[in-house]
Protein chains: 2
Amino acid sequence: LARKGPAIAIDAMGGDRAPREVVQGAILWARENPQVPLCLAGDEARVREELRLGGWDGKNIEVVPSRCVIDMGDSPVEALRKKKGSSIEVATRLVKEGKAFAVVGAGNTGACVAASTLLLGVLPNVKKAGIAVTFSTGDTRVVVIDVGANVYSKPDHLIQYGIMASLYAREILEVEHPRVGLLNIGEEDEKGNALAKTTHALFQKTKLNFIGNVEGVELFRGACEVAVCDGFVGNIVLKTAEGMAERFLGLFHKALRESIDGQPHAAEVGAALKKAMGQLERKLDYSEYGGAPLLGVNGVTIIAHGRSDRKAIFNAIRVARRMGEIDLNTRFSEELCALSA
Amino acid sequence: LARKGPAIAIDAMGGDRAPREVVQGAILWARENPQVPLCLAGDEARVREELRLGGWDGKNIEVVPSRCVIDMGDSPVEALRKKKGSSIEVATRLVKEGKAFAVVGAGNTGACVAASTLLLGVLPNVKKAGIAVTFSTGDTRVVVIDVGANVYSKPDHLIQYGIMASLYAREILEVEHPRVGLLNIGEEDEKGNALAKTTHALFQKTKLNFIGNVEGVELFRGACEVAVCDGFVGNIVLKTAEGMAERFLGLFHKALRESIDGQPHAAEVGAALKKAMGQLERKLDYSEYGGAPLLGVNGVTIIAHGRSDRKAIFNAIRVARRMGEIDLNTRFSEELCALSA
């Protein structure tokens with residue numbers, strides 16, 4: 001396992017609302033957690049200006065200068081090669097060099113994954129890293145792994161994802177005995193493509209709380225706390241769910257607005273609706289869940305949403321800290337070592 | 001091409017609300033369309049009783065007795081082999097024997113697909129049949145193909161799906177130049193797994209209005225009218241979207257109810273909300289879109305939703321009729337022949 005530094009490194013330039021929201025999120029966290037140093041990798045002048053605007057005296061937050069930014073549209077691996085000294089590279093290198101134990105990035109997801117896998121590598125006994133996203137709809141929560149780190153998954157990669165996500169759900173989401181499902185096109189054991197069939201048979205031999213195949217519709221019904229799939233399927237599922245949430249919220253707002261226009265008690269109705277929508281949006285709010293960990297890398301890597309605001313960054317740092325604190329990586333390696341034995 | 005009979009065959013026993021809603025939907029359609037005979041395959045006594053309850057004198061609707069029903073939980077191919085004379089088999093056989101040109105089924109989707117592919121086979125020049133589902137959110141509509149007929153898709157299958165769904169969107173959904181996208185994990189040309197990459201290159205050589213890769217989030221933003229994917233991915237996307245819609249509607253109802261409880265104008269607010277929700281649910285209502293055609297089989301096969309009510313059955317019959325009327329299958333064969341030449 002990598003030598004672990006005391007700090008958390010943050011790509012201050014990554015995300016649609018960087019550096020403003022990233023730096024402000026870091027300040028929020030630093031105020032509450034003075035014992036853990038933060039390193040902000042980014043354009044030094046801009047980051048210092050944001051720190052000043054946030055009223056931060058600089059204590060406990062170090063600025064580490066970067067030379068450029070990998071944009072959302074850049075091709076990840078190519079950009080990492082060509083844009084030397086990018087903020088995500090600088091932040092990730094702080095983990096590699098043992099100054100930090102974790103890196104948080106809200107920028108180009110592919111670049112964050114590539115930087116971590118190239119610079120940090122995978123943990124002993126881990127074959128491929130996978131991104132674990134928590135889908136939440138208030139009463140139900142399910143960790144879906146992998147949502148796009150690895151589009152050429154093999155059965156043993158999926159088994160490892162199940163084991164790591166199960167530990168993650170237990171230790172970070174505090175689910176006592178996480179039920180693990182294999183995302184598939186039917187519940188019967190023999191359903192699916194070749195990858196799904198082989199993986200299903202292998203899962204049955206593990207000590208996980210494996211409940212068998214789960215269909216997409218079950219993700220929102222609380223059927224399991226961990227759903228495993230290959231990165232191609234998982235990424236499409238994640239993006240479809242995002243698109244649908246966006247569209248639904250838009251349609252609801254429109255329908256509700258139209259329904260009260262010209263009504264006798266429009267003001268009161270409007271206020272009640274606004275309250276209801278606010279509650280609902282908070283239930284569906286990704287920013288509460290602290291970003292998606294890239295499980296299996298030799299370090300802690302948290303991928304925050306591209307639209308992250310300061311609260312989302314705060315929560316991403318919180319999850320990074322917690323994963324380091326309980327040393328989840330050592331647990332992963334031990335479980336996977338036991339499996340391969 | 002198959003000899004085409006004048007009738008539309010319907011599995012009267014298929015679906016959660018069969019035979020009641022299926023038979024009543026058939027009656028609704030027969031009242032408006034006396035020139036097209038319908039054949040209801042099912043338990044003779046029960047179907048006749050439903051016809052009587054619907055006040056139908058029997059004219060133009062023939063009852064064709066079946067011996068059993070393939071249930072939702074049955075394994076499709078096995079059930080077709082063991083449950084001889086099932087309602088879906090009897091209905092599909094009417095197309096094979098040249099009495100009907102189309103079959104409509106709301107029961108076990110896998111059994112409906114298996115019956116059609118085994119009994120009717122695929123059209124000349126077609127390699128695999130695919131299920132085309134229309135995702136609609138009011139202002140946007142996109143035909144996603146395949147959502148589960150073929151989990152071992154090859155690049156040329158996906159190209160054929162794109163061609164058939166494009167014609168379907170043009171002729172049935174009345175979209176003038178349907179834009180065709182490849183469902184993938186990023187917009188850049190080189191994204192995705194091996195299947196996606198090869199298919200992308202092949203699509204660029206066709207005469208389709210191919211717009212490149214589309215991500216899941218774009219399905220609900222009106223980026224394209226046809227989205228192509230393999231049946232494993234498509235089925236998971238479809239079920240995820242269904243699960244999310246179900247969950248969202250539930251959460252909205254709950255949030256709205258809670259927001260008006262004890263409010264001064266609870267009654268008025270409640271009425272306005274009820275109206276808004278009704279409008280919205282109609283926008284998202286699958287029953288408007290007449291079921292999903294299994295494109296590529298030598299006959300017209302329409303798979304209606306398992307929860308179909310009479311209106312959904314009515315619309316499924318309408319689409320079946322329209323596909324036969326304009327002889328979409330001949331068009332498919334011609335286009336695909338031109339492609340392979």
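Which residues does A:Ile8 touch, not counting residues up to four places away in sequence? With contact taken as heavy atoms within 4.5 Å, A:Ile8 touches A:Trp29, A:Val36, A:Pro37, A:Leu38, A:Cys39, A:Ala100, A:Phe101, A:Ala102, A:Val104, A:Ile317 and A:Arg321.

This is a predicted model, in which local features need pLDDT of at least 70 and side-chain atom pairs count only at pLDDT 80 or more, while totals for chains, interfaces and linings use all residues. Residues are numbered from 1 along each chain as its sequence is written, chains are lettered from A and ligands numbered from 1 in the order in which they are written, and side-chain values use heavy atoms, with hydrogens and water left out.

A:Ile8 and B:Ile8 touch the most other members of the largest nonpolar core, which has 248 residues; such a core is a set of buried Ala, Val, Leu, Ile, Met, Phe, Trp, Tyr and Cys residues joined through side-chain atoms within 4.5 Å.

Relative accessible area (1.4 Å probe, protein chains only) sorts residues into buried, under 20%, exposed, over 50%, and partly exposed, in between.

| Residue | Relative accessible area | Class |
|---|---|---|
| A:Cys337 | 40% | partly exposed |
| B:Cys229 | 3% | buried |
| A:Glu50 | 8% | buried |

The whole structure holds 0 disulfides over all chains, a disulfide being a pair of cysteine sulfur atoms within 2.5 Å. For B:Cys229, the closest cysteine sulfur, in B:Cys224, lies 11 Å from its own sulfur, too far for a bond.

Leaving aside neighbours within four places in sequence, A:Glu50 is in contact with A:Pro19, A:Arg20, A:Val23, A:Gln24 and A:Ile27. The C-alpha atoms of A:Glu50 and A:Arg310 are separated by 12 Å, although the two are 260 residues apart along the chain.
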